[in-house]
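Hi everyone, thanks for coming. Today I'd like to walk you through one protein model, helix by helix. Have a look at it on the screen first.

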Amino acid sequence: MNVHNLMEDVVIKAVNTLYDRVKGENVTWLTCDCENCRLDTVSYVLNRIPPKYVVSGRGVTHNVEYLASSQLLADIDSLALEGMRTVSSTKRPFHTENREDCTIQANGNKTKPAYNFFTFMGVVLDGNTFEPVTNAKITLKLNGKPAEMVDKTWSNPFNLVPSTKGVYSFWVKSIPAKKSGEREFFNFSIEIEADGYSESVYHFEVPIMSEDSVRQTLDSTYTLKMKDLVIFKK
Ligand SMILES: [Zn+2]
């Protein structure tokens, strides 16, 4: 089965349009606009908006923009600009040396055993209305410290924006293991700060079996859907 995230098409188009426009204006902060930088920006945006999957070839029309509300399109543009700035300002680790540092977490330890994490994905809801919370800062901690993400296209803390309907996601960088096949429990917590709401902290423990190498690709079967996190107004 081949599934496709329709948002990819929308985001790729938006990012390319934005790059071309900004490049035309000769802004100083745009340090590079190569294909790799553009793809990093596309990932940055896709990691922050809800996907829309279809089975490939099933009557997908060319014009997918109609799937996205104008609010979502506006948010995609502002996320694209934010992503572009992030990618431009972190150009060095991104690709002047080895591109592998950028897209992939492995720094020469690809074949060493590692604890690979799921992507964590979940929703933050208002405890009174059960509507998604649209502005909040979400921090994922591992053993009490902010967890390191696989690369710069994922961020921790994660800031919610209105059209993402309270959805957040994290992909934690792999941790080296002594050997494969060993089970370890990892203690995570998610802290949520939002204006007008009481600060909330959720704790959870994840058992991970070490594998013989660092996971390189994102696979949708490797997403852990978190229970809904509910926060309350002060
Ligand atoms: Zn570049």
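Let's begin with helix H2, which has 12 residues and reaches 16 Å from its first C-alpha to its last, close to the 16 Å expected at 1.5 Å a residue. That expected span is 1.5 Å times one less than the number of residues. When I say helix, I mean a DSSP run of H or I with at least four residues, while a strand is a run of E with at least two, and both are numbered from the N terminus.

Before we go on, please remember that this is a predicted model, where local features need pLDDT of at least 70 and side-chain atom pairs count only at pLDDT 80 or more, whereas totals for chains, interfaces and linings use all residues. Residues are numbered from 1 along each chain as its sequence is written, and side-chain values use heavy atoms, leaving out hydrogens and water.

Now the overall picture. The protein has five helices and 13 strands. Of its 234 residues, 44% count as buried; buried means under 20% relative accessible area, exposed means over 50%, and partly exposed is in between, using a 1.4 Å probe and protein chains only.

Which residues of H2 are buried? They are Cys-37, Arg-38, Asp-40, Thr-41, Val-42, Tyr-44, Val-45 and Leu-46.

H2 has helix H1 as one partner. H1 covers residues 6-24, H2 covers residues 35-46, and they pack at an angle of about 130° with their axes 9 Å apart. That makes H1 oblique to H2. Here the axes are lines fitted to C-alpha atoms over the stretch in contact, and angles run from 0 to 180 degrees between N-to-C directions. Under 35 degrees counts as roughly parallel, over 145 as roughly antiparallel, 65 to 115 as roughly perpendicular, and the rest as oblique.

Who meets whom? On the H1 side, the residues include Met-7, Val-11, Val-15 and Tyr-19, and on the H2 side they include Arg-38, Thr-41, Val-42 and Leu-46. Contact means heavy atoms within 4.5 Å. The residues of this contact of H1 with H2 divide into nine nonpolar, two polar and three charged. For those classes, Ala, Val, Leu, Ile, Met, Phe, Trp, Tyr, Cys and Pro are nonpolar, Asp, Glu, Lys and Arg are charged, and the others, Gly among them, are polar.

A handy reminder: an α-helix has 3.6 residues a turn, so residues three or four places apart point the same way. In H1, the buried residues include Leu-6, Val-10, Ala-14 and Leu-18. The buried residues of H1 pack against strand E1 (3-5), H2, strand E2 (53-55) and helix H3.

H3, residues 70-89, also packs with H2, at an angle of about 130° and with the axes 8 Å apart. That makes H2 oblique to H3. Among the residues that meet are Tyr-44 in H2 and Leu-79 in H3. By class, the contact of H2 with H3 has eight nonpolar, three polar and two charged residues.

Last, some backbone details. Most residues other than glycine have a negative phi, and most peptide bonds are trans. Phe-130 has a positive phi of about 60° although it is not a glycine, and Phe-130 is exposed, at 52% relative accessible area. Asn-143 has a positive phi too, near 50°. Finally, the peptide bond from Asn-156 to Pro-157 is cis, with omega near 5°. Pro-157 is in the loop between strand E6 (145-146) and strand E7 (158-159).
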